[in-house]
Amino acid sequence: MRVLHVYTVSESLPAPSKPIAEFIEISFSVAYLAAALERAGHENSLVVLRHGRFKSEVDAAIERSRPELICFTAVATEYPFVEKIAGYTRQRCPDAYHAVGGTHPILCPGEVCAEPWDAVCIGEGEAAVVELAAALDRGERPAGIAGWWFHDAAGIERNPARHFEQELDSLAFPDRSLWREWIADARKHTILIARGCPFPCTYCSNHALSQTAEGKFVRFRAVECVVAELERLCEEFPEATYCYFEVETITSNRKWAFEFAQRLEEFNAGRAAPLEFATNFRVHPGKRFPDFFAALARAGFSYLRIGIESGSERIRREVLKRYESNQDLLETFEDARNAGLSVYAYNLIGIPGETPEDFMETVEINRSSVIARSYIGIFYPYPGTELAQVCEERGIVVPRLEDCAERFRARLGLPEFPDRQVERLFRDFSFLVAGERAGLFERADAFLWQTIRGYPALERIARRLRGTGLLSGLRRVGAGLRARIAGLGSSESGA
Ligand code: B12
Ligand code: SF4
């Protein structure tokens, strides 16, 4: 069976010449599904589409791959664009079977299961898609397959969800080769080392996802399996210099985490050019991890991404269900720094219940000298999350953002934190964190890029200009000027 995978992206700024800048941005869902399909004897191809015009790229992909099955993947904010593309492919190849999966279809299958879809995957898809492709290969109309809702003119067939996949080590390694032509730089990679998260954070989809199937939700791969994938990756990409380990919380299995660090240290010791590693880390109330940080540093880890979300303990505890104190955060940052790891802090603004005064506490904690970089995104309630439910109960209308700029635009109309003020403080965040050390250029630069990211039309123009080299020239001049601003801490926007 010839399968075409469609992946959509809206970020990656400053924009690369290809739709995706680096391999750290690949979609694990597409890579794992393609690997499962390939193992079952099917043929995969991929098209990566940036927001904006897409028809000529889709036509070319259809021409090249002549798909019998088209697989789309969607998070909530990509979904409107994905649906639009599927409407078009439906016209262009009416005989191809149209399937969609991903976080949004899993959490909102009732909303999704309609035209233009033949099938909606309501959970993890490796086994489900292989069964579907086999049925199509036999010339059957797929029916009665667990993990799928099927849609046709007669109505919807709702099959039960499959259990969470417990045998992660039995899955084929994600297919990275498919991505080569869509990615500019093959030096930085990512490996998924676990699935699921045990925490109840109200703004994150994990608590909702944990309820969508039976079986253990938090699952770690065997350390040896991860290292085998890393070895394969280095063979396939000899230019690799860096690997980011994607995991929701690495210390939810402490013994595993130490064994992993130890094994990576051995791996790097055997290489002429050791790889640089990084991962994300969640701060735990009342717990410290200096020994673990030291083990990570010995293994070659250079930084940790840590979510602060809000500097207000009240907002974290009462709204976000995060119970670590500011002291817990600062002690963890310090332990990481003392071990030689940089801390990249992630923050939100515009959380329901948050006031501008609460936000100034976020600014304050990010001023800590133990944070190397600070990132900020505007809060957007993803459907199915507890915080989206809170918004609904408060009568807050959540706009469907066609332009997918949800982390850069405020649209909730919160009386306690008006949209205009959220966007202004979002744009000023870098400056506020850097305080009086920031110069005029720093402020103008941050303001410009934060603004561009909130307006996709501007972003597209910036990308085209970048193609001419003008913007990179200006940014180089800017970087030179910035370098002159002595003692300036670094902070950016991000997600
Ligand atoms: C790694 C990750 C990323 C990576 C890779 C993204 C990607 N698309 O794979 C990066 C950093 C690039 C990223 C970016 C974004 N992410 Co993200 N990301 C994650 C994270 C932490 C893990 C996802 C993952 O790889 N899981 C492992 C894979 C194997 O599972 P999966 O993606 O769910 O895919 C399985 C099933 O869903 C299903 N499936 C998926 N698609 C399809 C298609 C078909 C046809 C079939 C049959 C099955 C199927 O089968 C897959 C294999 O089992 C999740 C948190 C989470 N728990 O999911 C957030 C998460 C998915 N991200 C989220 C968001 C919002 C984003 C961004 C919009 C953020 C932003 N503004 O930049 C972008 C969107 C990128 C995009 N274009 O899709 C949200 C989505 C919320 C929602 N309700 O939709 C999540 C849930 C985090 C959260 N805040 O709650 N993300
Ligand atoms: S710890 Fe991170 S991944 Fe886990 S539920 Fe909270 S925000 Fe989501």
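**Briefing: a strand pair, its sheet and a helix pair**

Asp152 stands opposite Gly155 in strand β8. This is a predicted model. Two topics follow: an open sheet of 7 strands, and the contact of helix α9 with helix α10.

**The sheet**

- Strands of a sheet pair through backbone hydrogen bonds, and the pairing can be parallel or antiparallel.
- β3 (43–50) and β8 (155–158) stand at the edges.
- Each of these edge strands has a single partner strand, so one side of each lacks a neighbour in the sheet.
- On average, neighbouring strands of the sheet are turned by 20° against each other, direction ignored.

**The helix pair**

- Helix α9 spans residues 254–269, and helix α10 spans residues 290–299.
- Their axes come within 8 Å and cross at roughly 20°.
- Angles under 35 degrees count as roughly parallel, and α9 and α10 are therefore roughly parallel to each other.
- The crossing of α9 past α10 is left-handed.
- From α9, the contact is made by Ala257, Phe258, Ala261, Gln262, Leu264, Glu265 and Asn268.
- From α10, Phe292, Ala295, Leu296, Arg298 and Ala299 take part.
- By class, this contact of α9 with α10 has 8 nonpolar, 2 polar and 2 charged residues.

Terms used:
Residues numbered from 1 in each chain as written. Chains lettered and ligands numbered in written order. Predicted model: local features only at pLDDT ≥ 70, side-chain atom pairs only at ≥ 80, totals over all residues. Axes fitted to C-alpha atoms, helices over the stretch in contact; angles between N-to-C directions. Helix = DSSP H or I, 4+ residues; strand = E, 2+ residues; numbered from the N terminus. Parallel < 35°, antiparallel > 145°, perpendicular 65-115°, else oblique. Left-handed = near helix turned anticlockwise from the far one by under 90°. Contact = placed C-beta atoms within 7 Å. Nonpolar A, V, L, I, M, F, W, Y, C, P; charged D, E, K, R; others polar. Pairing = 2+ DSSP bridges.
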